[in-house]
Amino acid sequence: MRLEKLLSGVALTGRTLDGDVELSGISYDTRDIAPGALFVALPGYKTDGHKFIREALEKGAAAVVCERAPEEPGPWLTVADARAALAALSANWFGHPAREMTVLGVTGTNGKTTTTYLLKAMLEGVLGARVGLIGTNQNMIGEKSLPAHRTTPESYEVQKLLREMADAGCTHAVMEVSSHALVLHRVDGIPFRTGVFTNLTQDHLDFHKTMENYRAAKGLLFRQTATAVLNLDDEAGRFYAECVDCPTFTYSENKDEADLTAKNIRLFPDRVEFEAVTLGAISRVKLPIPGGFTIYNALGVIACGLTLGLPLPDIVRALGTARGVKGRIEVVPTPTDYTVIIDYAHTPDALENILTTVRGFTPGRVVCLFGCGGDRDRSKRPIMGGIAADLADFVVFTSDNPRTEDPRAILEDILAGVGESGTPNVVISDRREAIRWALANARAGDVLVLAGKGHETYQEIDGVQHHLDEREEVAAYFQEPGNR
Ligand SMILES: CC(=O)N[C@H]1[C@@H](OP(=O)(O)OP(=O)(O)OC[C@H]2O[C@@H](n3ccc(=O)[nH]c3=O)[C@H](O)[C@@H]2O)O[C@H](CO)[C@@H](O)[C@@H]1O[C@H](C)C(=O)N[C@@H](C)C(=O)N[C@H](CCC(=O)O)C(=O)O
Ligand SMILES: Nc1ncnc2c1ncn2[C@@H]1O[C@H](COP(=O)(O)OP(=O)(O)OP(=O)(O)O)[C@@H](O)[C@H]1O
Ligand SMILES: N[C@H](CCC[C@H](N)C(=O)O)C(=O)O
Ligand SMILES: [Mg+2]
């Protein structure tokens with residue numbers, strides 16, 4: 001593509017590159033750059049893309065977009081914000097694929113992945129539509145699955161995925177929009193038909209520093225949505241309802257002023273049931289996923305469907321056959337008299353929700369096995385320690401993804417929140433060993449919750465990903481003679 005075409009709509013603050021030039025692509029990482037590409041230097045948290053400009057040129061970059069041009073002469077194009085520029089350039093490169101589809105965005109601390117899967121199931125069920133998906137577990141082009149490395153990829157990858165979806169005949173795309181993505185301009189320029197807000201509770205304070213900043217970050221989504229679907233039972237949802245510029249559609253379990261409410265809620269070990277009540281319509285919902293929080297995810301999905309003009313009875317019928325999501329309250333098959341559940345709870349609110357939900361159908365003890373991720377919000381660790389000790393009958397404290405931190409130091413942070421609860425517990429840093437210990441010591445009627453890693457099939461230690469799939473660990477344990 002010609003440079004001038006690629007720069008359409010990108011506000012330059014300066015340029016030393018005169019004239020047009022043909023570009024072979026765009027790259028924001030010199031470890032993966034082709035000759036003839038436009039290199040975009042991003043300011044970073046670990047290093048700074050500006051330090052790699054020379055390397056980019058050595059590898060054949062034809063031009064460089066940056067916030068500060070090097071002093072020597074070169075093919076420089078300067079911009080005020082390189083990440084915003086990368087998003088605009090990428091949308092130009094891929095021909096604005098979002099304009100060819102109905103794009104739905106989901107933000108909130110918990111429930112994004114679950115909500116996007118349910119939205120996809122709803123759109124497929126009601127409209128027979130081909131639906132793309134971008135999120136934590138995987139990216140999907142209709143039925144085709146592509147690996148995901150983050151919840152919301154960098155803008156270049158987002159635009160690339162959207163292009164693949166549009167070309168494959170997807171009429172709709174649903175995507176998780178993380179707070180990091182909103183602050184770092186990963187979804188800039190995408191016209192979301194509807195944005196869904198699930199909830200806001202503590203997480204990611206390492207990045208956002210305060211809850212106010214975190215709330216503001218998530219609120220950025222509604223600057224680019226035609227309609228905002230908001231949870232009125234959440235304080236931040238009420239905050240957005242007061243200040244967003246676009247039309248809103250609200251949901252609540254019981255606030256009559258909401259546009260959608262849930263009546264006669266019934267919770268079962270394998271499903272939830274309730275009546276969805278909206279202006280002029282009421283339908284009984286049966287969703288085969290358990291958990292009090294599932295009511296909220298269902299309400300967000302139904303509300304979103306209603307903003308698209310889908311009939312309530314059709315939405316409800318589609319949700320009746322929806323399946324659960326890998327690693328989200330997933331029951332692992334075991335040949336024994338206790339139950340093992342894998343769940344992605346890695347925030348205080350999610351841990352509280354999953355343990356409370358499980359308590360509702362556990363005849364024996366609720367046993368919680370969990371740890372906290374390294375290089376992430378440290379302040380949530382003692383809170384999660386306290387929640388586990390308060391809500392479980394037995395806790396196995398272990399590691400999640402230590403990343404570059406010392407697992408023992410993370411465990412110390414967690415244990416600092418346990419206080420004097422007296423809840424029996426054991427500390428086993430090695431997660432594989434901890435799982436085996438928990439399986440060996442579980443009793444009839446217990447429910448063992450393996451929390452935090454959900455769908456993940458690896459454990460990241462010292463920057464290296466080691467294979468660890470909790471389903472395989474459980475299966476391997478029961479294959480050993482005598483372990484039944
Ligand atoms: C905090 C954060 O989001 N960081 C993202 C950010 O990294 P950074 O700014 O630190 O980048 P950096 O390492 O300093 O490098 C700066 C620039 O130099 C480039 N570079 C670097 C080295 C080199 O040799 N050559 C080179 O060109 C890099 O590609 C980058 O463009 O920009 C990078 C490029 O896009 C991302 O990979 C990186 O995500 C890291 C891996 C990450 O862990 N992000 C997590 C926290 C995240 O985004 N999580 C959210 C929320 C999860 C959820 O709640 O679901 C998510 O959406 O996944
Ligand atoms: N609506 C909800 N409210 C509170 N907790 C929830 C809700 N939905 C799911 N959870 C809990 O949060 C965990 C993560 O759910 P899910 O993966 O859907 O959220 P997410 O927002 O995509 O998370 P991430 O930010 O890590 O991608 C689940 O395993 C469950 O324990
Ligand atoms: N999207 C979340 C995932 C956390 C998963 C958990 N297993 C951990 O490593 O803390 C994050 O980046 O904070
Ligand atoms: Mg997710």
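Q: Which residues come nearest to ligand 1?
A: The model is predicted. A residue is near the ligand if one of its heavy atoms lies within 4 Å. There are 25 residues around ligand 1, and the nearest of them are Thr-30, Thr-47, Thr-151, Glu-154 and Ser-178.

Q: How do the residues of the shell around ligand 1 divide by class?
A: Sort the shell into nonpolar, polar and charged residues. The counts are eight nonpolar, nine polar and eight charged.

Q: How many Å lie between a polar side-chain atom of Thr-30 and a nitrogen atom of ligand 1?
A: Thr-30 is one of the residues that come nearest to ligand 1. A polar contact needs N or O atoms within 3.5 Å. The Thr-30 side chain meets that cut-off with a ligand nitrogen, at 2.7 Å.

Q: Which residue has a side-chain N or O atom 2.8 Å from an oxygen atom of ligand 1?
A: Look at the ligand's oxygen atoms. Tyr-45 has an atom 3.0 Å from a ligand oxygen, but that is a backbone N or O atom. The side-chain atom at 2.8 Å belongs to Arg-83.

Q: What percentage of the accessible area of ligand 1 does the protein cover?
A: Start from the ligand on its own, with 1100 Å² of accessible area. The share of this that the protein covers is 81%.

Q: Which helix gives the largest share of the lining of the second largest pocket?
A: This pocket holds about 330 Å³ of space. Its lining has 14 residues, and those closest to the centre are Tyr-117, Lys-120, Ala-121, Glu-124 and Arg-323. By class, the lining has six nonpolar, three polar and five charged residues. Five lining residues come from one helix, spanning residues 112-127: helix α4.

Q: How much space lies in the largest cavity?
A: Two cavities reach 30 Å³ or more. The largest is lined by residues including His-96, Arg-99, Gln-159 and Asp-188. Its lining has four nonpolar, three polar and two charged residues. The space inside is about 50 Å³.

Q: How many residues in the lining of the second largest cavity are charged?
A: This cavity holds about 40 Å³ of space. Among the residues that line it are Cys-372, Thr-398, Asp-400 and Leu-411. Five lining residues are nonpolar and three are polar. The charged count is one.

Conventions:
Residues numbered from 1 in each chain as written. Chains lettered and ligands numbered in written order. Predicted model: local features only at pLDDT ≥ 70, side-chain atom pairs only at ≥ 80, totals over all residues. Heavy atoms only, no water. 1 Å grid on protein atoms, 1.4 Å probe; cavity = no way out; pocket = protein on both sides within 12 Å on 5 of 7 lines; lining within 4 Å. Points joined across faces, edges and corners; volume = space filled by probe spheres on them. Helix = DSSP H or I, 4+ residues; strand = E, 2+ residues; numbered from the N terminus. Nonpolar A, V, L, I, M, F, W, Y, C, P; charged D, E, K, R; others polar. Polar contact = N/O pair within 3.5 Å; in protein donor to acceptor, adjacent residues only side chain to side chain. Areas by Shrake-Rupley, 256 points an atom, 1.4 Å probe, with all protein chains shown as cover.
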